[in-house]
Structure formats: structure tokens, C-alpha cells
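This briefing is meant to be read beside the sequence and the coordinates.

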Amino acid sequence: MNKISAQFKGKKPLVTYISGGDPSLEMTEKLIYRLQAEGADIIELGIPFSDPLADGPVIQEASQRALRGGTTLKKLIAKIDQIQNQVEVPLILMGYYNSVLNYGEEEFAYDIAEAGISGVIIPDLPADEKAELSRYLARSGVSQIMLVTPNTSEQRLKKITAKSSGFLYCVAHLGTTGDDQQGVYPELENYLERVRNSAGELPLGLGFGIDGPEKVKKIIDYPDGIIIGSALIKQIQAGDKEKEMLDNAGEFVRSIKKAIN
Amino acid sequence: MSRGYFKEFGGRFVPETLMPALDELEEVYLEMKDDPDFVNELKSLLADYSGRPTSLYYAEQLTSYYGGAKIYLKREDLNHTGAHKINNTLGQILLARKMGKKRIIAETGAGQHGVATATVAARFNLECEIYMGAEDIERQALNVYKMEMLGAEVIPVTSGTQTLKDATNEAIRDWVTNVEDTHYIIGSVVGPHPYPEMVRDFQRIIGDECREQIKEKEGRLPDYILACVGGGSNAMGIFYPFVDDQEVNLIGIEASGKGIDSGQHAATLSAGRVGVLHGSKSYLLQDDDGQVIPAYSISAGLDYPGVGPEHSYLKSINRVDYQAATDMEAVAAFKLLSEKEGIIPALESSHALSYLEKLAPELAEDQIIVVNLSGRGDKDINNFKKIREAENNE
């Protein structure tokens with residue numbers, strides 16, 4: 001069993017997303033330790049990109065702060081490599097395909113495995129694209145976590161779930177990250193049931209628009225785990241100084257963990 | 001070539017949410033493109049609504065000025081709304097109607113595609129929202145008024161560089177959110193499959209007409225065809241029907257802004273590397289980390305860091321020669337055509353015209369050059385101040 005799916009055994013894990021290097025890699029390191037200490041089960045780190053078209057305003061801005069701070073994919077991987085012995089929870093990189101293509105797909109798969117990264121999510125690389133990347137990731141033992149959405153057809157579900165490992169990222173609604181305008185998701189139960197028929201044993205993580213403990217309570221019965229990004233970043237950003245930001249992150253994670261259990 | 005690809009270029013690099021919409025669009029497009037009712041309706045709209053065929057004009061004054069090859073202009077500037085953009089928006093609006101979509105969105109840089117989209121949305125009574133960079137809104141106020149007059153809502157985009165690239169990101173985000181009732185009319189031969197192929201097919205009427213017209217006037221095909229390249233739709237439109245005619249030299253002219261060495265340019269094919277932006281793999285202006293570098297050109301319509309994937313393919317097989325023209329060269333051509341022929345060209349098209357200076361005098365008098373005059377320059381009158389300033393700095 002791989003390190004990511006192991007986190008889904010006997011509990012519904014909380015996957016937390018922060019943008020790598022927002023606003024510095026030092027802060028990212030501190031946040032990783034804090035999130036882990038407060039009970040985050042998996043930590044997802046965003047690769048900052050100039051044109052993040054699956055992301056809403058909160059993550060777009062986080063990405064911009066990281067870029068202004070000088071973070072690059074190389075520096076991000078080097079930082080993770082440097083701290084890997086202090087990190088117990090699985091780390092996942094989430095980023096856009098151009099970052100990986102530019103880095104070199106084979107080299108990327110090799111380097112992130114060396115840095116102790118367990119999985120990769122690339123929202124603009126659908127299952128149909130015949131990127132070499134999947135082969136390289138498999139060879140390196142890194143999970144490729146694929147995304148499905150409420151409008152994904154049965155035929156595509158089969159293709160996507162067959163390619164996904166670690167877990168399956170179920171996008172909660174049609175839209176970008178952090179978009180919670182739609183309130184409680186319509187048809188969530190049916191949607192996830194439909195996905196589960198194709199996914200079999202693969203755990204289902206639900207993300208997009210999960211903005212706090214109240215929402216978590218309403219949806220937690222259906223998925224196997226949840227992913228929270230924009231709402232966490234908003235809490236962090238509400239802090240003035242570093243200590244306050246870290247405390248906000250800690251408090252938010254505790255409130256979500258409580259809502260899950 | 002595999003589906004959706006021009007050799008290694010193209011593809012569909014978009015969020016999963018859009019895959020059903022792209023499948024539907026492809027399916028409907030493939031079904032309609034040979035459907036006689038669709039073909040006839042589009043044909044009659046292009047004729048009676050937009051004024052096609054546009055003329056192929058022998059530019060006698062310009063020819064004698066350069067003293068070399070005979071110069072013809074394909075007058076896309078004579079289309080309704082003043083540019084070739086309407087060829088594509090008319091085609092796509094018919095597809096949107098067929099798919100039962102209620103709402104149209106589009107991105108626009110200079111506002112030409114926005115106006116062409118707002119125009120057809122008005123004609124077909126569909127709700128229309130146009131994403132436009134906040135900076136471009138300021139630079140192209142006239143086109144913003146036109147879009148509003150036509151009943152469209154212009155949404156300012158304040159993210160990133162606040163120009164066409166970011167307007168496109170925002171339009172894609174809107175589409176991801178409203179994909180069920182919305183059709184996204186992309187304005188160039190860019191984006192995920194089937195857009196590059198479909199937009200090219202809607203624009204190829206430029207080249208198809210040109211072929212007939214030049215045969216009628218000269219009894220043969222031209223020796224050279226010149227077109228400017230931003231995303232590349234007017235160039236694909238005129239090049240495509242000639243790609244297999246090896247004797248016809250095809251030259252695409254990108255915008256090199258203040259010069260490629262200055263770093264302020266939009267010469268994607270000349271100075272970029274292969275990457276992925278807005279759903280397809282093609283040449284891209286990007287830094288060492290793979291971050292997209294904002295493009296620059298005096299012409300807002302060429303101010304784009306990507307380029308259509310089929311252009312990347314045509315470059316890779318050396319079928320099209322890609323050159324670049326600076327702001328200053330384009331401005332000189334802009335003035336020259338206005339003065340010599342009484343035709344004010346768009347600054348975009350002026351990039352293609354500027355290449356005549358290098359090419360025409362070198363050719364014999366019995367050789368033929370066609371330049372795609374993709375749009376008219378009314379919209380650029382606002383730029384006149386800028387142009388004067390540039391001249392004063394010379």
C-alpha cells in the first residue's frame with residue numbers, strides 16, 4: 001500500500017493545500033510543520049504558476065506572492081528534499097503541466113521521488129493526454145492523483161480511475177478552487193456513489209469550495225477524505241505577523257479535524 | 001496525425017470539467033461542417049451580413065513605390081466589424097445555437113474579437129459577456145463602447161498582467177463554472193482541440209477566395225503570401241489552402257515590439273520554447289522556470305505570449321517562414337499604406353505590410369505578393385499619440 005492511500009485507512013483524512021513559497025519557502029517549511037503537528041493527514045503544496053486557470057482568486061494571489069518571492073519549482077523541490085526527514089505525513093505537489101514540461105518530465109519524476117514526495121496532481125493534464133509523465137511517475141513510485149468532476153461521463157470515469165493512484169480527487173462542483181457560491185453541493189451523494197462504482201477500492205477525496213467546519217459536517221458522510229485549500233489560505237492571510245498566521249493555520253486545522261470526527 | 005494534434009503540437013490541456021464540453025463541440029462541429037443547411041446558412045451570412053467575398057485589390061501605388069513584385073491586398077478590413085474575426089464568430093455562433101447554449105463568452109485583447117462576438121450574439125439574441133484586461137479596456141475605449149452598444153457586458157480582468165493572456169484565463173475559469181449553458185467563442189487558432197482546427201476552418205475562406213481571385217486576375221498562384229501572426233487566425237486562414245502548393249512561399253510576421261533583444265516583444269515563434277498555455281502545446285514565451293512571460297507589442301491584437309499549435313507545426317516542417325517586425329517598422333508601414341493607397345490598415349496587419357520593404361524590391365516585376373490585410377485601422381487612431389511620441393524619440 002502506498003503512503004497516501006495508507007492515510008485513508010481507518011479514518012477520513014484531511015488534506016491541506018498551501019501554495020509552495022507563499023510568501024517564502026521558509027514560511028512554507030514552518031507551515032508544513034504546524035499543519036502536521038495539528039493533525040493534517042496529507043499536505044499538498046502548490047507549484048506557483050503565472051497562469052493557474054483552475055484556481056480561483058485566493059490561490060491565484062497565493063501563487064503570485066510566491067512568484068514575487070522568487071520561488072521556482074527547482075527551489076521548491078530542493079526545500080522539500082532538505083526537510084524530508086522532518087516530515088512524516090505524505091506530501092503531494094499540485095501544479096500545472098507547463099511547469100513539469102519545462103522542468104523535464106523524466107527528471108521531475110526522479111527528483112520529486114528523491115525529495116520524498118509521494119504524489120502529484122496536475123489539473124490541466126486530463127487522462128487522455130499521452131504524456132510520458134505517467135510512466136515516469138510510476139517508475140519512481142510517485143502516485144498520480146487524477147481529478148473527476150460532476151459532469152464526467154461513465155466512460156471517462158473508468159479511464160480516469162484506472163490511471164489514478166493514491167486517491168481520486170473528486171471536484172465537488174463545476175468551477176474553480178475556492179468557489180463556494182453554490183453552498184451545499186447538489187447531488188453530492190449520487191455523484192460520489194457513481195464515482196465509487198468505477199473507482200472500486202481507490203479512496204475518494206473531495207475538494208473545491210469546502211470553506212469551513214459547517215460545510216465539512218454537511219458533506220463528511222460521503223467522501224473518504226477532504227481537501228481544503230483556499231479557506232485555509234484565507235485564514236493564514238488574515239494573520240498579521242508570522243506567529244499569528246501559523247496560529248490561524250493551526251486553529252483552522254483543529255476546527256476541521258473536530259468537524260470530521 | 002493523432003486526433004487533436006499537429007504532430008507534437010496541440011492537444012487538450014484543460015481541467016476535466018471542460019472535457020465533456022470539448023467533446024460535444026467537436027462532435028457538433030464535425031457533424032455540421034458538411035451539413036448542407038449549416039454550410040448554406042453560414043455562406044449566406046458571410047455574404048449578406050459580412051459582405052464577402054472581400055476583394056483582392058491590386059495595390060498599384062504601393063507596387064510602383066517599391067518597384068519590384070506586384071502587390072495585392074486581401075481586403076479583410078472590408079468585412080462587417082472591420083476585420084477577419086467575424087468569419088469565425090459567425091461560424092461559432094451557429095454551433096452555439098445548435099448546441100442549445102444560452103450564453104456566449106469570449107476573451108478580447110484589442111477588442112476586435114470582442115466586437116465581432118458581441119455583434120453575432122446580438123444578431124442571434126444570446127446573452128454575451130466579454131472578458132477584457134483592465135489595461136486593454138483603458139487602451140481600447142472605443143471598442144468597449146461598441147461592445148456595450150451591442151448589448152454585451154464587458155468584464156474587466158484585473159488579475160496577472162491585465163491583458164489578453166489574463167482575459168483568456170478568466171474566460172476559461174468562467175467556462176469551467178458555467179459550462180453547461182455557455183459556449184466559449186475563442187477568437188484565434190489557439191486553445192484546446194477542436195478550437196485550433198475549427199477556427200482555422202472558419203477562417204480558411206480567406207485563402208479559398210484568394211486562390212480563386214488571384215487565378216482570375218493573374219492566371220496563376222502568387223509567389224508569396226504575407227500575414228501577421230499573433231495567435232495566428234488570419235494567417236492560418238489565408239495560408240491553409242496553399243500549404244500543399246510548394247511554389248507559394250508563406251511568410252508569417254510576428255511582432256518584435258521594441259526588438260527581440262529588448263525582451264519587450266511578442267515574437268513567440270522566433271524567441272519562444274515549446275510549452276503549454278490555454279489548453280494546447282505550442283511555442284510559448286516563458287522563463288527558465290516555465291512562467292509565462294508577458295508579451296509586448298504596440299498592437300494589442302498581437303500582444304499574446306502564445307501562438308496557435310498549427311503554426312508551431314508549420315514552423316517545425318519549415319513550410320512557413322516566420323519573421324518579425326518591430327513597432328517602428330509597423331508604424332512606418334501603417335503610414336505608408338494610408339498615404340499611398342488611401343487605406344488605413346490595422347496596426348496588426350501593418351506588421352505584415354512592413355515586410356514588403358524587405359521583400360518586394362528584391363523580386364522581379366512579374367512576381368506576385370499577396371498581403372492579408374486582416375483589419376482596418378480605425379481602432380488604432382487612438383494610438384496615434386503613441387505613434388507620434390515614438391517618432392519624436394527617434
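## Briefing on the predicted model

B:Tyr29 counts as buried, because its relative accessibility is 4% and the cut-off for buried is under 20%. Everything described here comes from a predicted model rather than from an experiment.

**Aromatic pairs and clusters**

- Over all chains, a search of the whole structure finds 13 aromatic pairs.
- B:Tyr65 and B:Tyr66 make another edge-to-face pair, with 5.1 Å from centre to centre and 75° between the planes.
- Within that pair, B:Tyr65 counts as partly exposed at 45% relative accessibility, whereas B:Tyr66 counts as buried at 12%.
- In chain A, one aromatic cluster is formed by A:Phe8, A:Phe167, A:Tyr169 and A:Phe208.

**Charges over rings**

- The charged end of B:Lys258 sits over the ring of B:Tyr296, at 5.1 Å from the ring centre.
- The ring of B:Tyr283 has the charged end of B:Lys315 over it, 5.6 Å from the centre of the ring.

- B:Arg173 is found in helix H8 (residues 164-178) of chain B, and with a relative accessibility of 5% B:Arg173 counts as buried.
- The side chain of B:Arg173 reaches the backbone oxygen of A:Pro52 at 2.8 Å.
- Leaving aside neighbours within four places in sequence, B:Arg173 is in contact with A:Pro52, A:Leu53, A:Asp55, A:Gln60 and A:Thr176 of chain A, and with B:Ser159 of chain B.

**Nonpolar cores**

- The largest nonpolar core holds 74 residues, and the members that touch the most other members are A:Leu93, A:Phe108, A:Leu168, A:Ile226 and A:Ile228.
- Helix H12 (residues 242-260) of chain A supplies the largest share of this core, namely 8 residues.
- When residues up to four places away in sequence are not counted, A:Leu168 touches A:Met146, A:Val148, A:Ile160, A:Thr161, A:Val195, A:Ala199, A:Leu202, A:Pro203, A:Leu204 and A:Gly205.
- As general background, nonpolar side chains in soluble globular proteins tend to be buried together.

- Strand E14 (residues 368-373) of chain B is mostly covered, with 6 of its 6 residues buried.
- B:Ile368, B:Val370 and B:Asn372 point one way from E14(B), while B:Ile369, B:Val371 and B:Leu373 point the other way, and all of them are buried.
- E4(B) runs parallel to E14(B) and is joined to it by 6 bridges, and the bridge partner of B:Ile71 in E14(B) is B:Ile369.
- Strand E9 (residues 224-228) of chain B also runs parallel to E14(B), here with 3 bridges, and B:Tyr224 has B:Ile369 as its bridge partner in E14(B).

**Backbone features in loops**

- The peptide bond from B:Arg52 to B:Pro53 is cis, with omega near 0°, and B:Pro53 is found in the loop between helix H2 (36-49) and strand E3 (56-58) of chain B.
- Another cis peptide bond joins B:His193 and B:Pro194, with omega about 15°, and B:Pro194 lies in the loop between strand E8 (182-184) and helix H9 (195-203) of chain B.
- A:Phe208 is not a glycine, yet has a positive phi of about 90°; this residue is found in the loop between strand E8 (204-207) and helix H10 (213-219) of chain A, and is buried with a relative accessible area of 8%.
- B:Thr81, although not a glycine, has a positive phi of about 75°; B:Thr81 is found in the loop between strand E4 (70-75) and helix H4 (85-98) of chain B, and is buried with a relative accessible area of 15%.

Terms used:
Residues are numbered from 1 along each chain as its sequence is written. Chains are lettered from A and ligands numbered from 1 in the order in which they are written. This is a predicted model: local features need pLDDT of at least 70, side-chain atom pairs count only at pLDDT 80 or more; totals for chains, interfaces and linings use all residues. Side-chain values use heavy atoms; hydrogens and water are left out. A nonpolar core is a set of buried Ala, Val, Leu, Ile, Met, Phe, Trp, Tyr and Cys residues joined through side-chain atoms within 4.5 Å. Buried means under 20% relative accessible area, exposed over 50%, partly exposed in between (1.4 Å probe, protein chains only). Helices (H or I, at least four residues) and strands (E, at least two) are DSSP runs, numbered from the N terminus. Contact means heavy atoms within 4.5 Å. A polar contact is a pair of N or O atoms within 3.5 Å; within protein, one must be able to donate a hydrogen and the other to accept it, and residues adjacent in sequence count only if both atoms are side-chain atoms. Rings of Phe, Tyr and Trp (its six-membered ring) pair if their centres lie within 6.5 Å; planes under 30 degrees apart count as stacked, over 60 as edge-to-face and the rest as tilted. A charge sits over a ring if NZ of Lys or CZ of Arg is within 6 Å of the ring centre and within 35 degrees of the ring normal. Two strands pair if DSSP finds at least two bridges between them.
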